[in-house]
Amino acid sequence: MKKNRILVFLIVLAALVLVAEIYLININSVKPENNTSTDVSTDDSTPSEDTVSSVIDVTISEDYETIYSPGGNKGYRYGPSIMKHDDGTIDMWMSRPGNNSTMWDYISYRHYDGNSWSSEEIVLTPTPGSKDQCSCCDPGVIYFDGYYYLAYTGTYSSELNGANNSAFVARSKYPDGPYEKWNGSSWGGSPEPIIEYDNDPNYWGIGEVSFVSDGEDLFIYYSFINDVEISVRLCKADLVEDWPLTIREKGSVSDRDTIDSYDIVYDENLKTYIAFTIKDRMSEISSLEILTSSNGKNFEKVCTVKGNIMDYAHNMGIMKDESGHINSSDTLTIGYAYGKNWGSWSMILQDININLING
């Protein structure tokens with residue numbers, strides 16, 4: 001009897017040893033998972049397009065408000081920067097024709113008081129004999145510490161037909177000016193670029209700035225186009241009075257499949273950065289394209305919608321607050337130019353809604 005108990009004990013012990021060995025073999029054969037935790041604000045990974053394209057649905061209103069119409073003549077307004085304040089009033093800056101000879105573009109301004117739009121007034125023009133002497137266009141505006149900062153695209157190269165651009169900025173305590181331009185070390189006087197193009201002058205260069213503030217840094221997005229690259233790049237600066245002195249380059253955030261400008265915002269609802277642009281600009285299939293980024297650095301396309309976007313659309317902007325933020329749970333407003341014939345473009349405002357799917 002005692003021998004039988006010993007035999008049973010040995011059999012059970014052997015079974016336990018075998019199970020333990022099998023368990024250890026299985027543990028060693030499984031590849032360890034990546035347990036590194038990543039803060040979404042600094043994560044450089046980008047999901048596949050198929051993953052994110054099902055997240056956002058966009059609807060575009062069939063109604064719109066005409067801000068400008070050339071009435072069959074030459075004339076245009078384009079590239080609006082639209083700022084909505086907490087009291088419901090709106091400031092809007094846009095590009096318009098200059099003197100049609102030595103100065104191609106000016107920047108004009110209108111104000112909405114909650115009932116109607118003010119008459120249009122010119123608020124920024126090129127400075128003769130300076131680096132922006134041919135053009136002031138593509139406004140991008142942000143407000144902080146008592147000043148409106150109006151970034152713009154400018155060039156001095158009249159013989160290059162709109163090429164060799166750089167990014168400039170001017171500031172004012174009032175949205176309609178007077179504006180003082182950044183001169184390279186302080187405010188006022190002959191303008192110097194805040195981001196200067198120094199590549200082949202026969203290409204478009206740098207400009208079309210879009211600002212976002214996160215409360216700590218100023219995000220400065222801009223277009224970069226030369227002979228080998230079409231992209232949107234990012235610089236950052238400190239939120240101080242002479243912030244152009246603190247600008248630091250962060251690099252490309254998106255390789256563009258469209259040459260149209262991007263307007264970039266931070267969405268407080270989805271907690272993400274969103275870029276808006278027109279795909280297939282100035283064509284019969286012009287559409288709204290949206291890209292997102294969790295960290296403001298790596299943008300991935302999430303959807304392209306034709307909907308009620310006008311044919312031959314280009315150079316859009318989205319209404320945002322003073323810091324470059326939106327809330328996508330609200331109805332949003334975009335503005336853009338359209339028109340088949342070069343230099344004869346209407347500009348409209350149009351509502352859109354962004355809905356989170358499978359969120």
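Q: How many bridges join strand 8 to strand 9?
A: This is a predicted model, where local features need pLDDT of at least 70, side-chain atom pairs count only at pLDDT 80 or more, and totals for chains, interfaces and linings use all residues. Residues are numbered from 1 along each chain as its sequence is written, and side-chain values use heavy atoms, with hydrogens and water left out. Strands here are DSSP runs (E, at least two residues), numbered from the N terminus, and two of them pair if DSSP finds at least two bridges between them. Strand 8 and strand 9 (residues 166-172) run antiparallel, and the bridges joining them number seven.

Q: Which residue of strand 9 is the bridge partner of Leu-150?
A: Leu-150 is one of the residues of strand 8 that point the same way as Tyr-148. Over in strand 9, its bridge partner is Ala-170.

Q: Is strand 8 mostly buried or exposed?
A: Buried means under 20% relative accessible area, exposed over 50%, partly exposed in between (1.4 Å probe, protein chains only). Tyr-147 and Ala-151 are among those pointing one way, Tyr-152 and Gly-154 among those pointing the other, and they are buried. For strand 8 (residues 147-154), eight of its eight residues are buried.

Q: Which residue in the turn between strand 7 and strand 8 has a positive phi?
A: Six bridges join these antiparallel strands, with Tyr-143 partnered by Tyr-148. They form a hairpin with two residues between them, and the one with a positive phi, about 50°, is Asp-145.

How values were computed
Helix = DSSP H or I, 4+ residues; strand = E, 2+ residues; numbered from the N terminus.
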